[in-house]
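Welcome, and please open the structure in your viewer. Keep the selection tool handy, and let us walk through it stop by stop.

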Amino acid sequence: MEFLMHQFRQRLLPRLPRALTTPCKSHSSCAPGHAPKPNSTDSISRPIAHIPLVSRLFQPSNLRDVGQESRTPSEMTCKSQRLMLQAGLIHPSNPGCYYYLPAIVRSMEKLVRLIDQEMQGIGGQKLDMPSLCSAELWKRSERWDLMGKELFRLRDRHGAEYCLGPTHEEAVTELLASQGTMSYRQLPCCSIRSPESSVMSQNLDLDFYVAGSLHVVKVQADTGNIGGELSHEFQLPADIGEDVLLVCDHCSFSANTETMESGWTGCPKCQQGTLVESKGIEVGHTFYLGTRYSHIFNATFNNSQNKPVVTEMGCFGLGVTRILAAAIEVMSTEEAIHWPWVLAPYQVCVIPPKRGSKVDEVPRLAEELVLTLGEALPGLRGEVVLDDRTQMTIGKRLKDAYRLGYPYVVVLGQKAVEETPRFEVICQQTGETVFLSRDGLIDLLRCVETV
Ligand SMILES: [Zn+2]
């Protein structure tokens, strides 16, 4: 398992930092213009429905043009929530619950794909388990009583008791046990439940890393009601975090205060450093379960001497929506969302000029440009959105684009209709603006990583 986690770290680490920090700065290092020149006549004969249009996106605030001013601060509890409401990414339903609108769903799907790719890279296999878990399973593990009021319990029309499984240790262990005694050759076995994750193995070192340059801190944590002998949380330091962490200023020791006796000021690991308090958002949690569940459900395997042995297990959970919200909280400014690049709902927004302006022929050029980008860069298909609300000024639409945080905004102005068309390209996260030819733009966007 140590090996698997090493691989996971090797594969995930290089990916997210790239997504989270800067895009390819020197796009000159990218392979220059090998893309086939699209046949423009062919391209524009395609139905326009292939292009995502801002006017058609179900993204209420953009459509209603709701400004920051129109909402009272008391409605918001934190920056990420305010930004997501303003950008039309979420909409409140009942207290504590939200509708996830199409743009944020695109981001979540991207994050899930990224996790899937990484998990498959270490041999993980995705399965799904029922949300309803039978009370009998939970009574056997004794969690039925341990969980208290936090567990949603219900009865079906025959009176049988169930709970809504917040985690699935019982279910996955019973599934494993139902297969009879496995062979050691089948282990480690890694199963992933979407959107949560569980890993089962003979021996574990669950020292994986969630989110590259988001500076996630691995802290010693309480195993809580899941049980087991060892647990680590992956915390994203943020002032709005609900967890209080103690981080050593001398060594790598860090812990959730819930695991520490109150009054600790010196580091228990290096005995030299001082523990500094900070707040964090929990984005992942690992548990070494040992035989906590496998013993109860009799999940065993035959070792190389063909002797049955109780399986050792571990599990971890990644909070998909929480990772997204936490990333937005930590990376964004007060006015604009900054995404981990690879997770932005759309990578590029193209803005043609206002209707009736001198460069009136440009809207058609804008459609052509979107199609050309899709032809030249297949990875960007469906990732380029056209802000066709040409009744609005470029400035107003730029403000929306800025607020939503498209990594790249391409403005078609006067220079776009010159003999050698040039496009104004704004890289949102560096704040740089450059004028590029069509080929220059394609070269720049070639570096955009999508998932
Ligand atoms: Zn220390």
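Begin with Leu246: its bridge partner in S14 is Glu277. Helices (H or I, at least four residues) and strands (E, at least two) are DSSP runs, numbered from the N terminus. Before going further, note that this is a predicted model, in which local features need pLDDT of at least 70, side-chain atom pairs count only at pLDDT 80 or more, and totals for chains, interfaces and linings use all residues. Residues are numbered from 1 along each chain as its sequence is written.

**Around Leu246**

Select strand S12 (residues 243-248) and strand S14 (residues 275-290); they run antiparallel and are joined by six bridges. Two strands are said to pair if DSSP finds at least two bridges between them.

**The largest core**

Next, select Val348, Val350 and Leu445, the residues with the most contacts inside the largest nonpolar core, which has 83 residues. A nonpolar core is a set of buried Ala, Val, Leu, Ile, Met, Phe, Trp, Tyr and Cys residues joined through C-beta atoms within 7 Å. A residue is buried if 20 or more other C-beta atoms lie within 10 Å of its own, exposed if 12 or fewer, and partly exposed in between, with C-beta atoms placed from the backbone. Helix H10 (residues 320-331) gives the most to this core, namely seven residues. Colour domain 1 (31-52 + 346-451) and domain 2 (110-129 + 168-330) separately: both give residues to the core, so it lies between them. Those bounds come from an automatic or database domain assignment.

Centre on Leu445. Leaving aside its neighbours within four places in sequence, Leu445 is in contact with Val348, Leu373, Leu377, Leu380 and Tyr408; contact means that the C-beta atoms, placed from the backbone, lie within 7 Å.

**Helix H10**

Among the buried residues of H10 are Ile323, Leu324, Ile328 and Val330. Which elements cover them? They include H4, helix H5 (102-121), strand S11 (230-237), S14 and strand S17 (313-318).

**Helix H4**

Move to helix H4 (residues 79-86), where the buried residues are Ser80, Leu83, Met84 and Gln86. These cover an arc of only 165 degrees around the axis, which puts them on the same side of H4; the arc is that of the directions from the helix axis to the C-beta atoms. Just after H4, check Gly88, with a positive phi of about 70 degrees.

**Two last stops**

Select strand S21 (residues 423-427) and strand S22 (residues 432-436), an antiparallel pair with five bridges. Val425 has Val434 as its bridge partner in S22. The hairpin has four residues between the strands, and Gly431 takes a positive phi near 80 degrees there.

Finish at an open sheet of three strands, in the order S7-S15-S16, with mixed pairing. Strand S7 (182-183) and strand S16 (308-310) are at the edges, each with a single partner strand, so one side of each is left without a neighbour in the sheet. Strand S15 (residues 300-302) and S16 run antiparallel, joined by three bridges, and Phe301 stands opposite Val309.

Methods:
Two residues are in contact if their C-beta atoms, placed from the backbone, lie within 7 Å.
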